[in-house]
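Please read it alongside the sequence and coordinates shown here.

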Amino acid sequence: MRAMSHFLPLSRVARLVGQPRSVIQRMIHDGELDTFDGMVDMNELLRVFPDVQWEDNGEFKRVEEIKAKAFSRRVMERTLPDKEVLAERLFEMGKEFAAAKTLLLHYDEVLRFLDHKLDDVMDVGDEPARQAVANLKQWLRQKLDATPTEAARAEALLAQENVMRIMSAQVTILPAGHEFFVEGNDTLLEASLRAGIPLNYGCSNGNCGECKAKLVSGQIKKVHPHDFVLKEAEKADGAFLLCSYTAVSDVVVEAGVSGAEDIPLQSIPTRVKAVDIINERVAALHLTAPRSQRLHFLAGQRVTLSAGEVSGEYYVASCPCEDRHIEFHIRRDNRPFARHVFEDLAKEDMVRIDGPQGRFVMKLDSRRPVIFVAWEDGFAPIKSLVQHAMSLEIAESMHLYWAAASVGDNGVGHYQDNHCRSWADALDDFSYQALDTAPGPAAIAEALLAQHPDLRRADFYVAGPHALLQALRAGALARGLSPLGWHGEEVE
Ligand code: FES
């Protein structure tokens with residue numbers, strides 16, 4: 001008899017129970033949640049999460065929101081897949097339901113046959129045999145009439161999962177093993193960047209061929225035409241462009257993931273979206289890249305910004321997952337570019353970005369606690385890294401420390417304190433501490449390290465002056481940090 005188990009991939013389990021993937025991975029690691037071939041059985045899920053109300057969870061809510069906003073075309077376009085993709089997903093699901101129904105009819109037939117056979121035994125058997133068969137028939141009837149335990153929760157879980165499968169497709173990237181979801185009409189490239197997974201790409205509009213990947217399983221659909229020509233033999237072997245295709249079903253794809261050294265230097269004309277003078281010492285500069293030429297960079301990298309005759313080097317303060325929006329923190333000093341930002345730069349002005357540079361980037365496979373330390377406006381690359389780590393959802397926990405002097409003391413102040421606090425409020429495994437720079441780098445390093453006596457399983461990302469880097473690195477290594485877990489960037 002074929003078993004009727006229902007297995008779910010980890011990413012979907014995380015979404016269903018409303019937890020980051022890191023939490024699910026920790027439960028598997030600790031033996032609290034059993035998996036089979038990397039998948040979780042639905043009954044195991046119901047057992048381990050007895051309190052989750054599936055129908056209250058994310059995807060149902062999202063569908064409700066979409067329905068509520070049904071007249072807003074933009075919301076519909078962003079979140080719903082196109083008609084053909086929807087039809088294809090419903091068709092696939094229909095096939096599964098048909099297979100399940102066929103199986104149930106088969107079981108029904110087997111049971112009826114068994115019932116007849118038992119009646120035959122009743123007719124010919126002696127009294128003890130007749131009694132045993134009667135008991136067996138009664139037991140069978142009771143079992144068949146009884147509502148399965150957890151039926152209501154299992155039904156709600158399956159319904160929720162079905163909605164999820166219609167709304168989004170899961171992508172697994174080989175050989176790295178990264179997983180993410182494709183929603184709406186996003187291309188596989190857009191969806192990967194939103195999830196913080198930097199797959200190889202160049203132009204993002206079908207010209208360069210840098211995003212070439214290979215479909216291993218599942219179904220994809222072209223949503224943007226491309227000029228780059230793939231050879232027939234490549235196409236026959238499953239080659240396609242990530243920036244042109246979306247996923248119709250769950251897919252497995254072979255694709256390269258970019259390291260800092262793989263990203264080509266780019267020169268991109270952007271427009272000023274806003275200059276936000278946060279306080280006397282810092283402005284947030286928001287730029288928008290052209291639709292056809294997004295900036296390819298990794299969190300923690302820096303670029304050169306030029307406006308007219310002036311230019312300066314700055315860290316990107318936003319996450320690559322933010323699509324065309326790029327944020328910078330400009331400290332008010334004597335550099336001509338900074339003066340230009342504070343005094344002249346206006347909305348819609350052109351700012352050229354050249355870059356990116358730098359290797360102060362996130363390790364994509366870190367499933368350990370991550371400690372971020374920023375000094376003054378070294379917060380810019382740290383903010384980008386924190387957001388990247390959040391979108392990856394793999395760090396076991398995150399701790400952010402930000403040392404800054406107040407504006408009155410010639411510092412930048414904790415100028416985006418509200419962001420840091422909102423992250424700490426929203427995430428269970430995120431802590432934030434605002435520190436004053438007054439005690440100096442050595443004292444701050446000591447106080448901070450005292451909170452983390454054992455660093456054998458940690459990753460450190462620090463952007464600050466040489467003295468802070470030196471003190472933290474020495475102290476962290478003494479507490480067991482692996483040299484591979486240290487990532488320091490000197491920012492004066
Ligand atoms: S990124 Fe250039 S073709 Fe896809």
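A residue is called buried when its relative accessible area is under 20%, exposed when it is over 50%, and partly exposed in between, using a 1.4 Å probe and protein chains only. The model is predicted: local features require pLDDT of at least 70 and side-chain atom pairs count only at pLDDT 80 or more, while totals for chains, interfaces and linings use all residues. Residues are numbered from 1 along each chain as its sequence is written, and side-chain values use heavy atoms, with hydrogens and water left out.

**Overall architecture**

- The protein contains 15 helices and 20 strands, which are DSSP runs numbered from the N terminus (helices: H or I, at least four residues; strands: E, at least two).
- The C-alpha trace spans about 105 × 55 × 45 Å along its principal axes.
- Of the 492 residues, 48% count as buried.
- Among contacts (heavy atoms within 4.5 Å) with a separation of 6 or more, 71% are between residues 24 or more positions apart.
- The domain assignment gives domain 1 (1–42), domain 2 (166–260), domain 3 (264–357) and domain 4 (369–490); such bounds come from an automatic or database assignment.
- The centres of domain 1 and domain 3, taken over C-alpha atoms, are 42 Å apart.

**Nonpolar cores**

- A nonpolar core is a set of buried Ala, Val, Leu, Ile, Met, Phe, Trp, Tyr and Cys residues joined through side-chain atoms within 4.5 Å.
- The largest core has 59 residues, and Phe180, Leu188, Leu242, Val253, Phe372, Ile382 and Leu400 touch the most other members.
- Helix H12 (residues 379–392) gives the most to this core, contributing eight residues.
- Not counting residues up to four places away in sequence, Ile382 touches Phe360, Phe372, Val373, Ala374, Leu400, Tyr461, Val462 and Ala463.
- A core of 24 residues lies apart from the largest one, and its members include Leu285, Val310, Ile326 and Phe337.

- Five strands form an open sheet of mixed pairing, in the order S4-S3-S9-S5-S7; two strands pair if DSSP finds at least two bridges between them.
- Strand S4 (179–183) and strand S7 (239–241) are the edge strands, each pairing on one side only.
- From one strand to the next the twist averages 40°; axes are lines fitted to C-alpha atoms, for helices over the stretch in contact, and angles run from 0 to 180 degrees between N-to-C directions.
- Strand S5 (residues 212–217) and strand S9 (residues 251–254) run antiparallel and are joined by three bridges, with Val252 in S9 as the bridge partner of Ser217.
- Helix H8 (residues 151–167) packs on the sheet, touching strand S3 (168–174) and S4, and its direction makes about 70° with that of S3.
- Asn162 is found in helix H8 and is buried, at a relative accessible area of 16%.
- Leaving aside neighbours within four places in sequence, Asn162 is in contact with Met93 and Phe97.

**Strand S12 and its partners**

- S12 and strand S13 (residues 310–315) run antiparallel and are joined by six bridges; Leu305 stands opposite Gly312 in S13.
- These two strands form a hairpin with two residues between them, and Gly308 in the turn has a positive phi of about 60°.
- S12 also pairs with strand S15 (residues 350–357) in the antiparallel sense over four bridges, and Ser306 has Arg352 in S15 as its bridge partner.

**Helix H1**

- Seven of the eight residues of helix H1 (residues 10–17) are buried, namely Leu10, Ser11, Arg12, Val13, Ala14, Leu16 and Val17.
- Gly18 follows H1 and has a positive phi, near 70°.

**Backbone features**

- The peptide bond from Leu174 to Pro175 is cis, with omega near 5°, and Pro175 lies in the loop between S3 and S4.
- Gly355 and Pro356 are also joined by a cis peptide bond, with omega about 10°; Pro356 is found in strand S15.
- Glu348, although not a glycine, has a positive phi of about 80°; the residue is partly exposed, with a relative accessible area of 48%.
- Glu376, likewise not a glycine, has a positive phi of about 50° and counts as buried at 8% relative accessibility.
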